[in-house]
Structure formats: C-alpha cells, structure tokens
Number of protein chains: 2
Amino acid sequence: MNGADFSPWVSARQQAVEDALERWVPADAPAGLGLAMRYGVLDGGKRLRPLLVMAACEALDGHAEAALRAAVAVELIHAYSLVHDDMPCMDNDVLRRGKPTVHVQFGEAQAMLAGDAMQALAFEVLTPDFSNDAGVEPALQARLVSLLARSAGHAGMAGGQAIDLASIGHALGEPALSDMHRRKTGALLQASVLMGAACGQTTPKVWQALSDYGAAIGLAFQVVDDILDVTQASETLGKTAGKDLDHNKPTYVSVLGLDAARRHADALREQAHAALTACGLGARAGALAVLADKVVQREN
Amino acid sequence: MNGADFSPWVSARQQAVEDALERWVPADAPAGLGLAMRYGVLDGGKRLRPLLVMAACEALDGHAEAALRAAVAVELIHAYSLVHDDMPCMDNDVLRRGKPTVHVQFGEAQAMLAGDAMQALAFEVLTPDFSNDAGVEPALQARLVSLLARSAGHAGMAGGQAIDLASIGHALGEPALSDMHRRKTGALLQASVLMGAACGQTTPKVWQALSDYGAAIGLAFQVVDDILDVTQASETLGKTAGKDLDHNKPTYVSVLGLDAARRHADALREQAHAALTACGLGARAGALAVLADKVVQREN
C-alpha cells in the first residue's frame, strides 16, 4: 500500500468508526450523561487504535463486524482514559483536541461518571445480544473482552498511569521509563493490533509477530509523543504543549535527549517493520506497515 | 432454609469471595495501585451482591466456578463505584465501612485510577484464559460480561448516579425517584441475580421470575438505605449517616415519609417472595428467600 492508497483507506475506516460511535454512544443516557460521553469520544482524534484493529483484521481477512466492535471498544477505553486523565486531580488540563476538556464543559462529577460509563460501554459493545447468526460468536466476544480488559487494567494502562503519577519529580532510567510507557500507552495500542488479529485466524507465529509489531509501535507512539511535547506548539497538538516539562515528568527527551529520542523512535519503527516481515502476510499487511510509519512521522 | 441454616451458608460464601478477592486483586500492581484497589474492596461489606449471585446459581444447580467469578466481578464493580462516589467531586465522603475512604488514604488521583482498574479487573475476572476444560465456557463468559456491563453502564448504575447528581435540591416524584434508584442501585443487584441464573439452565419463565425478584429486592435495598440514613447512627452504618438530608437529596423518606417508606419496603419484599414462588424452585430458592428478608430487615 502506498501513500495514495492509504489516505482513502484511512478515511473510509475513520468514517465507519465515527458512524458506529454515533450509533452506539447514546445521546439519551440519563441526565446529560450521554451528552458528556459523546462529547468525550465523538468527532475527535485520528482513531489510531481503531485503524490498528481494522488493519490487523483485514491483513488476516477476519470478521469485519467483530473488528468494528473491537475498534469502537478500544476507542471508548482510550477516550475514557483521556477524560479522567484531564481532571484536576490528575493532569488538570483544560484543552483536548482543541476543545475544552469534558470536566471543564460538564463539571468534574459528570466527567468522572462519563468516563466510568464509557469504560462499561466498551464491554457492552463487545458483547452484543445478537438475535441472528450475523453476529460475533461468543468465543470471540470473550476473547476480545479478555484482551481489552487486561490492556486497560492494573497491569496495563491504569498501572502505567499509576507509575506516571508516582514518577513526577523523580529521575527514571530508560528501563523504568520504557516499562511505564509500555503500560500506559503501549498496552492499549498493542491490544488494538491483537484484537484485530483475534478477529481472524492466526498461527502462533503470526500472533507473536503481530504482538511484537504492536509492542514496537506502542512504545514508538509514546517516544514521539514526548518529542512532540517539546517541539510542537499547542495549536498543532490540539492539547497543551510543554506540559511534561511543566509537570516535571520524566520523558524520553528528558532521559535520552532529543536526538537520541528520535533515533529510538526510528529504531522502534524498524522493529515494527521487521515484525511485519516475520508475519509473512506480504501486501495484506500494507496498512499496518504504513501505520507504523505514520506513528513515527506524525506531527500531532 | 431457616435462620440457623442461613448463617453458616452466608459465612462459607463470604469466605470464598474474600479468598477469591485476595487471590485476584493484585497486591503487586504498579506504584501502589494494587494496594489502593485492595483497600477499596477487601475486608469490607456484607457481600450482598456476591451472595445473590451464588444463591441464584445454587438454586439452579449451576456452574460454581462461573458463579464465583461473577460474584467477585460484581463486587469489584460495586466497590469501584463506592471509591468514585466518595470522591470530593461526588459525595465528598471521608468514611466508608468504618475506615477512611480510598481518596483520603491514597489521594484523589490514585483513588480514581484504582476505581478505573477495579472496573477493568471485573471484566478480566469474567474472561479467564483457561488452559484446561475445568473453566467457564466462552459463551457463558460473554453472557456474564454482557449482563454486568449493561447493569454498570449508562443505562444502569452510572446513569442512575447521573440522575442522582442532577436531582440534588430538586423535588422528585415517586416515579422519578424509583427510576433513579432502579438504575443506581437496583440494576447491579438485579444483575447479580441474573448472572447467577446465567450460570445454570433456566426456562424463560424462571428467568423472568428471577429478574422480577432481582428488581424487587434491588429497589427494596435502596428504600431501606434511605430509611437507615435517617434512623441509624454513623457508627451502626459504618458510613456517614444523615448525608442525604445534608446534601438535600430526594429520598424515599423525603418523598413518601418514613412510615410509607417502610410499607413500600415491605411490599417490595412481598413482591420478591411472590416472584420466587413463581419460579417454582421450591426449597432450592431458600437462600434467595432469606436474602429478600435480610435486605429489608437489615440495620446497616
């Protein structure tokens, strides 16, 4: 897949995810809760995690309906984590994707509840009550729940956030920083790839290679995030730039320096490509290959 | 089942749930997160929801391992909701089960993360990766996730909490109050019964009757909660008494008056018993029958 093919591939899938979120995140949930949930997840972001789910599923010619549900579920988990992360007791951020954050718009209590309900909704979306045979078989439903819950929980994203909190003002070595980011950001990105893979048939070798790919781009994403935090303006990022430094948080830039951080991101991109080659999926993995490049070369 | 049989029945199951929580809620989750999670869920409460799961499963001679996992999962959801509900942006409560609340003990950020990770853990516990045949079949795993996620999310518990927030200082009629409480408290109690039922074989008639039973005791629980809030001291409750009045929240007592609220609780208890009779399970539903009485007759 080349750049000219990739752009319409992305647009079509972003639209499918947006349509599904529009359909499945209820505007009519009680007392404005649905509005806060929709504000937190609709019309925002590059939908990188959904794209990874769908690219991995398509590489294996997997179950498209299952992948769409997995894509929406992982985006709901990501979006809820941003809603909670922005709250005053965490990062206390007022700007996200160029808009006021959810707690600024709806109040802290509603933001906390909206995040909680978005997490629950992710698992609802994965376990639909199908009345016909067009649905996702229960064993796949359970597998997707298992992958998502583990990547979102104490051993994954939430655990990484706890390390992040505890690390403020502390010097971390590269191994500790890598461990934190593999959990905080990497786990959910890797799970996106594996949820997509679970929608198809894989050998243990292909599963492992896709897992390696997911781990590499998961960490690369955060290294680049750290780089962009110091090199880009808030307007480009759509969120507050320079906040890691302001919060005295250890980052790849503060630990390795800017040049070494950039080299590290490139090395991870190469690891991701090597893992794809090991999959032996050839051109079918084209979207995954371009996504690895985009993760490293993005500007926001 | 009489009172003398019930007490050892409860103790054995409370112990099994405590042991499972001890095993499955990880002390070693990163940066103290596991300690906050364990503080929020271990060694606390009557474990009513787990008892309902297990009583319903046993009434149908269902899958005991699945019911234990469902019991732990629903308790994790309940406990996370208390952790978040006690935070300053919600009820701002400092006392829970006679101990300082999680955010008082560990800070607000860790409390929010602990609650988030407890919710994820509930779905991890429901979808174990069994390597042998002793486990829970995937279709049952998916069914349990579906029931739990829907009762915890926007249409259930979180939706009820949003109504609760919005209702402060407003006069609600009995129908609106009932709708709020059916979601906020009732949905998870009803789901406990249905998760237990899903662990066994049911006819549509038995399923419906158990659903009616769960709805009745779910609402009865909250009516009694409202009564105890005005009639009991904080020491008896293990949490701050009189807080609904202090927070200017509508309750069954403020809407109906104390005597009518008590009559309402009794009527719901009778509905629960009638539903059990309709199940036709006879003595096998003994624990469910006693639990309906205990929900209404409890003193804390």
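**Notebook: a two-chain model, looked up piece by piece**

I began with A:Arg97, which counts as partly exposed because 15 other C-beta atoms lie within 10 Å; by the cut-offs I used, 20 or more such neighbours within 10 Å make a residue buried, 12 or fewer make it exposed, and anything in between is partly exposed, with C-beta atoms placed from the backbone. I noted that this is a predicted model, in which local features need pLDDT of at least 70 and side-chain atom pairs count only at pLDDT 80 or more, while totals for chains, interfaces and linings use all residues. Residues are numbered from 1 along each chain as its sequence is written, and chains are lettered from A and ligands numbered from 1 in the order in which they are written.

**Two positive phi values**

I placed A:Arg97 in the loop between strand 1 (95-96) and strand 2 (99-100) of chain A, taking helices (H or I, at least four residues) and strands (E, at least two) as DSSP runs numbered from the N terminus. The phi of A:Arg97 is positive, near 50°, in a residue other than glycine. I kept in mind that most residues other than glycine have a negative phi. I then turned to A:Asp61, another residue that is not glycine, and found a positive phi near 55°. A:Asp61 sits in the loop between helix 3 (48-59) and helix 4 of chain A, and A:Asp61 counts as exposed because 12 other C-beta atoms lie within 10 Å.

**Chain A as a whole**

I counted 15 helices and 2 strands in chain A. The C-alpha trace of chain A spans about 55 × 50 × 35 Å along its principal axes. The radius of gyration of chain A is 18 Å, which agrees with the value near 19 Å that a compact globule of 300 residues would have; the radius is taken over C-alpha atoms, and the globule rule is 2.2 Å times the number of residues to the power 0.38. Buried residues make up 56% of the 300 residues in chain A. Of the contacts in chain A between residues at least 6 apart in sequence, 73% join residues at least 24 apart, where a contact means that the C-beta atoms, placed from the backbone, lie within 7 Å.

**Helix 4 against helix 9**

How do the axes of helix 4 and helix 9 of chain A cross? I found that the axes of helix 4 (residues 64-85) and helix 9 (residues 174-198) of chain A come within 10 Å and cross at roughly 170°, which makes helix 4 of chain A roughly antiparallel to helix 9 of chain A. Here the axes are lines fitted to C-alpha atoms, for helices over the stretch in contact, with angles running from 0 to 180 degrees between N-to-C directions; under 35 degrees is roughly parallel, over 145 roughly antiparallel, 65 to 115 roughly perpendicular and the rest oblique. From helix 4 of chain A, residues including A:Ala67, A:Val74 and A:His78 meet residues of helix 9 of chain A, among them A:Leu188, A:Ser192 and A:Gly196. The residues of this contact divide into 7 nonpolar, 3 polar and no charged, with Ala, Val, Leu, Ile, Met, Phe, Trp, Tyr, Cys and Pro counted as nonpolar, Asp, Glu, Lys and Arg as charged, and the others, Gly among them, as polar.

**Where the chains meet**

I found 44 residues of chain A in contact with 44 residues of chain B. On the side of chain A that touches chain B, the largest share, 12 residues, comes from helix 6 of chain A, and the residues of that side divide into 27 nonpolar, 12 polar and 5 charged. The copies meet through the same surface, because 100% of the interface residues of chain A are also interface residues in chain B.

I found helix 8 of chain A largely enclosed by the rest of the structure, because 9 of its 11 residues are buried, including A:Met157, A:Gln161 and A:Asp164. What covers these buried residues includes helix 4, helix 7 and helix 9 of chain A, together with helix 2 (33-41) and helix 6 (108-126) of chain B. After helix 8 of chain A comes A:Gly169, with a positive phi near 80°.

Technical notes:
Two residues are in contact if their C-beta atoms, placed from the backbone, lie within 7 Å.
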